[in-house]
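Please keep the view open as you read.

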Amino acid sequence: MGTKAPFENYLEIVSESAKILDLSDTVIEKLKTPNKIHEYEIKISTGKTFNAYRVQFNNARGPYKGGIRFHPEADIEEVKALAALMAIKCAVVNIPLGGGKGGVQCNPKELTQDEIQEVSRAWIQKMEAFIGPRQDIPAPDVYTNPQIMGYMLDEYEKIKGKSLPGVITGKPLELGGSAGRGAATAQGGVYILLDYIEKIGKKPEDLTVAVQGFGNAGYHAAQILHSHGFKIIAVSDSKGGIYDKKGMNPENIFAGKKQFGSIQAALQAKLDGKICAESTCCNPEVITNAELLEIECDILIPSALDGVLTVENAENVKASIILELANGPLTPEADTIFEKNNIVVIPDVLANAGGVTVSYFELVQNIQNFYWTESEVQVRLKKIMLDAFSDILAFSEEKNITLRKAAFVLAVQRIVRAMELRGQI
Ligand code: NAD
């Protein structure tokens, strides 16, 4: 991420928060150190071996919570930073969970489905003693999905000899997943955006939006915002983007992408007369991902990769609001430029926390063995997101700091308070 490693960025955030909160060196040291790192080698029946790990960063506010990634370059420094950021994110939205992260160093694209299942079960065999509904609750992350959570749940329950669906979230609905989890990340961000534009006296129909990334976070954000009347003028995926200043219908673009593989391939199919999408987008233009970030719009929503807004392009951004649905889409240098240019950044730890919030709801429903309707999930999600935003906005105004700094300082304050109350510091 940017010019610095993610863990260095985290350490910097802790140091900045420490100054504002006047924290002692002992407390700072505790905040910088993960509680536990579990690392093992796992072997599957085909003889292949992989490194498996789990970082348990901080559990002062509740059980560790965070995803498991299957990635060839999964690196422990990055995972440590992501685990720390999970503790921060849970504290930002004030849910009673701590921070963890884990993974397996492997390339799932080179594994058969049977091998993926074996890797998933092997991860649980090594980690089962350290995880549990009241201990540490993993979830999907990069290249892991509800099916993999299903394999992991099965292995865990087999070892424990009882039903414990709360050990893992992001499960398929049939295995105790929560209604509303699919769109939760985007929905949480949209609740905040709607609240913010109302506060500044703007209306959705007067605002244009560009969304980078058209996966779980990006597609749902575009679709929900479109349904509220915002004009979606640019969208993209890894192959590039499209732009139409009149606004486009994300559902049609999604259907085209599904059929033809990418957003631009769908546009080409339309131009070739292969599909005739019933949409408001008459003549979109092809744009690159780099162009999308600099397009004339009111709201920019990076929803794909980290480190896409940097010192190189930040000055060219025309949007006045950035909603960070991706994790870490801005480098610290870009953040400083946006602050100078009065561009409001709704930070990732708040903007995309709807995902972990509904994961928390999944855990709660699993423990109660009683399930909520989608509308019950939405009501609770909205309350948590808006309460968090209100606290952060008030804190940022009181201290005259950005929303990101306010979110971090408030989160660090909550974590430190929990550690104090436990007598750990
Ligand atoms: P996803 O895999 O569903 O979608 C990613 C999208 O990004 C795809 O459309 C892909 O084509 C696109 N993409 C990949 N490379 C790109 C590139 N170079 N330029 C532009 N687009 C590119 O992933 P997701 O779950 O939507 O996650 C996206 C981001 O949101 C990540 O940073 C993730 O950490 C963050 N996030 C997601 C959730 C969640 O619940 N899904 C929760 C919190 C944070």
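A polar contact here is a pair of N or O atoms within 3.5 Å; within protein, one must be able to donate a hydrogen and the other to accept it, and residues adjacent in sequence count only if both atoms are side-chain atoms. This is a predicted model, in which local features need pLDDT of at least 70 and side-chain atom pairs count only at pLDDT 80 or more, while totals for chains, interfaces and linings use all residues. Residues are numbered from 1 along each chain as its sequence is written, and side-chain values use heavy atoms, with hydrogens and water left out.

**The ligand site**

| Residue | Protein atom | Ligand atom | Distance |
|---|---|---|---|
| R181 | polar side-chain atom | oxygen | 3.4 Å |
| A217 | polar backbone atom | oxygen | 2.8 Å |
| N289 | N or O atom in the side chain | nitrogen | 3.2 Å |

Taken alone, the ligand exposes 820 Å², and the protein buries 68% of that (Shrake-Rupley method, 1.4 Å probe). Around the ligand there are 18 residues, of which T185, F214, N216, A217 and N327 come nearest; a residue counts as near if one of its heavy atoms lies within 4 Å. By class, this shell holds 6 nonpolar, 10 polar and 2 charged residues. Ala, Val, Leu, Ile, Met, Phe, Trp, Tyr, Cys and Pro count as nonpolar, Asp, Glu, Lys and Arg as charged, and the others, Gly among them, as polar.

**Helix α5**

Helices (H or I, at least four residues) and strands (E, at least two) are DSSP runs, numbered from the N terminus. Helix α5 spans residues 146-160, and its 15 residues reach 21 Å from first C-alpha to last, close to the 21 Å expected (1.5 Å times one less than the number of residues). Among its buried residues are I148, Y151, L153 and Y156; buried means under 20% relative accessible area (1.4 Å probe, protein chains only). The buried residues of α5 pack against β3 (64-70), α4 (113-127) and β5 (136-140). After α5 comes G161, with a positive phi near 70°.

Where does G188 sit? G188 is part of helix α6 (residues 184-199), and it counts as buried because its relative accessibility is 0%. Beyond four places in sequence, G188 touches A351, G354, L381 and M385, where contact means heavy atoms within 4.5 Å. The C-alpha atoms of G188 and I384 are 8.9 Å apart, although 196 residues separate them along the chain.

S396 belongs to helix α14 (residues 374-399) and counts as buried because its relative accessibility is 8%. Leaving out neighbours within four places, S396 is in contact with I401, T402, L403 and A406.

How values were computed:
Buried < 20%, exposed > 50% of the residue type's maximum accessible area, 1.4 Å probe, protein only.
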